[in-house]
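Subject: Structure handover, salt bridges

Hello,

Here is the structure you asked for, with the sequence. My notes on the salt bridges follow below.

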Amino acid sequence: MWDELETDWLALDCELLPWSAKAEDLLRGQYAAVGAAATTTLAAERSVLVATAARGVDVTELLSANEDRITMVDGFVDAYRRYCWSVATLDDLKLAPFQILAGEGETYALRGHLWHLELLSRLSQPMRRPSA
């Protein structure tokens with residue numbers, strides 16, 4: 001791979017995980033607050049729509065849209081929770097590279113996302129030592 005890229009170094013854009021180790025206030029104040037408000041509001045909206053439907057009013061489209069929004073909010077909450085866990089030691093931290101910024105004589109900003117993922121996958125493989 002190093003020969004392929006004609007470099008012996010790479011600059012990576014990485015993120016230190018979990019988010020909860022470095023930005024717990026941001027998670028609580030922004031992501032969790034938004035998730036909780038949306039979850040509560042959409043549940044209340046659903047209750048009103050179900051009661052309205054029980055009175056014979058056709059709210060099928062509104063209920064469908066509400067269910068779609070509930071699914072999106074659940075996905076939002078699940079997404080940020082995947083990046084949160086307890087940290088007791090340095091071994092609990094993870095470094096997650098997500099883009100290769102540059103190598104010798106070249107920047108890779110205009111390369112496609114899949115190119116970056118494929119190369120990062122190759123970089124994360126254990127190095128093979130030449131046999132003697």
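With which residue does Arg 122 form a salt bridge, and how far apart are the closest N and O atoms? The partner is Glu 4, and the distance is 2.9 Å. Arg 122 sits in helix α4 (residues 113–123) and Glu 4 in helix α1 (residues 2–5), so this pair ties together parts that are 118 residues apart in sequence. Please keep in mind that this is a predicted model.

Arg 122 also forms a salt bridge with Glu 118, where the closest N and O atoms are 3.4 Å apart. Both of these residues belong to helix α4, and they are 4 residues apart, about one turn of the helix. Through shared partners, the salt bridges join Glu 4, Glu 118 and Arg 122 into one network. As for solvent, Arg 122 is partly exposed, with a relative accessible area of 30%. Glu 118 counts as partly exposed too, at 40% relative accessibility.

Another salt bridge is made by the side chains of Arg 69 and Glu 45, at 2.5 Å from N to O. Arg 69 is in helix α3 (residues 60–81) and Glu 45 in helix α2 (residues 24–54); the two are 24 residues apart, and the pair links distant parts of the chain. Arg 69 has a relative accessible area of 33% and is partly exposed. Glu 45, with 29%, is partly exposed as well.

The structure holds 7 salt bridges; among them are the pairs Arg 122 with Glu 4, Arg 122 with Glu 118, and Arg 69 with Glu 45.

Regards

Methods
Residues are numbered from 1 along each chain as its sequence is written. This is a predicted model: local features need pLDDT of at least 70, side-chain atom pairs count only at pLDDT 80 or more; totals for chains, interfaces and linings use all residues. Side-chain values use heavy atoms; hydrogens and water are left out. A salt bridge is a side-chain nitrogen of Lys or Arg within 4 Å of a carboxyl oxygen of Asp or Glu. Buried means under 20% relative accessible area, exposed over 50%, partly exposed in between (1.4 Å probe, protein chains only).
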